[in-house]
Amino acid sequence: MKRIFAMAMILCLLSVFGACGKKNPEESTAPTTTADADSPAATTIPSTGDSTALPSTSSADDTTSTTAIDSTTLTSGGTTEAGGNETAAPTTGNATIKNGDSSPEKPTNTVKPTEAPSNKPTTKEQILQYYANAINTAFAKKPGLTKNTQTVITKDIHGDEGVNKLLNLSIPFVKTTGRQVVNNFLGIGDPANNVTPKNTDLQGNGILFESKLTPAHVTSAICEEQGNNYKLTINLMDETNPKRDNSSAIGSCFRNYKAKEDVYTELKDYAFLNVKIDNIIMKTHDVMITAIIDKESNQFSELKIEMPFDVRLEGIKVLAFGGDWGEGSAKTTALYTAFQW
């Protein structure tokens, strides 16, 4: 009897161990092993080493559960090929990874330093305004200065036979010649030197004139750097009989010349000689302003105004002598130096 009972216990234990071998893979969290690509893929669940028998939940007819695995399995950041070889995923962008450094190298941008803005006047408008500001600075600060003004003959006055006789005529009572009279009308003569002390009203005394020049008055305006100074060169348009006011280019910045109206006014002083001029044609050309101005203070160190002109006199008569025409050329220059600021 005891032998029969022992055999029954042995059979029960064998059936329990057999049931443990059919454990459902879904209930296991153990890792799986992938078989070779040439053999059927199967999942093997290793033993946990526990000798305690567990009751079986599967029927005896269940077969071993298998899991089919693709020959290629995608992995994070790459691809695992059959046989376990891993290939790197493609990368995008221009980042460069140095050896031993997992962070990409940052691109470097080269930025040129921004140059400080220049106060140098460049356009006509800017240069004319800069010149006008320098004139206004002189009006406000009233520096001492020396002004030299002179008109010289550049082409002798000559004309028809009657005019040539008149020019050489010695006029009694006034101890002068006809040529000298004409020269006086044009302002030709010795230079006028005017030394002006500080705090003199330069504008009120007609020593310096404000500038009302516009781009329409000038043909060119250039600014050059000369150390701590700017050199301005302004060329004015050619004109015929320019008035001494802002209606003309030269009159908008300079007044030390005789206009047509001034000559006719002065003829009254020679009424006793019966001097007459029917018509005066005065043409200015190549008029140029040259100014040296300190960059920081906007103060003149030198200023020159040059006004060449041609003149034609028609219907000239002095006493009983005269002719139909006479003409010549001259140049008036005003030079400002020795500024005392």
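This is a predicted model: local features need pLDDT of at least 70, side-chain atom pairs count only at pLDDT 80 or more; totals for chains, interfaces and linings use all residues.
Residues are numbered from 1 along each chain as its sequence is written, and side-chain values use heavy atoms, with hydrogens and water left out.

**View 1. Tyr-131, Leu-236 and Tyr-336 in the largest nonpolar core.** A nonpolar core here is a set of buried Ala, Val, Leu, Ile, Met, Phe, Trp, Tyr and Cys residues joined through side-chain atoms within 4.5 Å. The largest one has 61 residues, and the members that touch the most others are Tyr-131, Leu-236 and Tyr-336. The biggest contribution to this core comes from strand β15 (residues 300–318), with nine residues. Strands (E, at least two residues) and helices (H or I, at least four) are DSSP runs, numbered from the N terminus. Zoom in on Leu-236 and, leaving out residues up to four places away in sequence, you'll find it touching Leu-213, His-217, Val-218, Thr-219, Ala-249, Ile-250, Cys-253, Val-287 and Ile-289. Contact means heavy atoms within 4.5 Å.

**View 2. The aromatic pair of Tyr-130 and Tyr-230.** Rings of Phe, Tyr and Trp (its six-membered ring) pair if their centres lie within 6.5 Å; planes under 30 degrees apart are stacked, over 60 edge-to-face, and the rest tilted. Searching the whole structure turns up six aromatic pairs. One of them is Tyr-130 with Tyr-230, edge-to-face at 5.6 Å centre to centre and 75 degrees between the planes. This pair links distant parts of the chain, with Tyr-130 in helix α2 (residues 124–141) and Tyr-230 in strand β11, 100 residues apart. Tyr-130 is buried at 13% relative accessible area, and Tyr-230 counts as buried too, at 6%.

**View 3. Tyr-131 and Phe-300 meet edge-to-face.** The ring centres of Tyr-131 and Phe-300 sit 6.1 Å apart with the planes at 75 degrees, so this pair is edge-to-face. It links distant parts of the chain: Tyr-131 belongs to helix α2 and Phe-300 to strand β15, 169 residues apart. Phe-300 is buried, with a relative accessible area of 1%.

**View 4. The hairpin of β10 and β11.** Strand β10 (residues 218–226) and β11 run antiparallel, joined by eight bridges; two strands pair if DSSP finds at least two bridges between them. Ser-220 stands opposite Asn-235 in β11. Two residues lie between the strands of the hairpin, and Gly-227 takes a positive phi near 65 degrees. Also on show is Thr-233, which is found in strand β11 (residues 229–236). Thr-233 counts as buried, at 14% relative accessibility. Apart from its neighbours within four places in sequence, Thr-233 is in contact with Ser-220, Ala-221, Ile-222, Glu-224, Met-288 and Ile-289. As a rule, side chains in a regular strand alternate between the two faces of the sheet.

**View 5. Salt bridges of Glu-210 with Lys-212 and of Asp-262 with Arg-244.** A salt bridge needs a side-chain nitrogen of Lys or Arg within 4 Å of a carboxyl oxygen of Asp or Glu, and the count comes to seven. For Glu-210 and Lys-212, the closest N and O atoms are 3.9 Å apart. Glu-210 is partly exposed at 32%, as is Lys-212 at 41%. In the bridge between Asp-262 and Arg-244, the closest N and O atoms are 2.8 Å apart. That pair links distant parts of the chain, from Asp-262 in helix α5 (residues 260–266) to Arg-244 in the loop between β12 (239–240) and α5, 18 residues apart. Asp-262 counts as buried at 19% relative accessibility, whereas Arg-244 is partly exposed at 35%.

**View 6. A salt-bridge network of Arg-312, Glu-314 and Glu-327.** The side chains of Glu-327 and Arg-312 meet in a salt bridge at 3.1 Å, N to O. Glu-327 lies in strand β16 (residues 321–340) and Arg-312 in strand β15, 15 residues apart. Glu-327 counts as partly exposed at 26% relative accessibility, and Arg-312 is partly exposed at 28%.

Technical notes. Buried means under 20% relative accessible area, exposed over 50%, partly exposed in between (1.4 Å probe, protein chains only).
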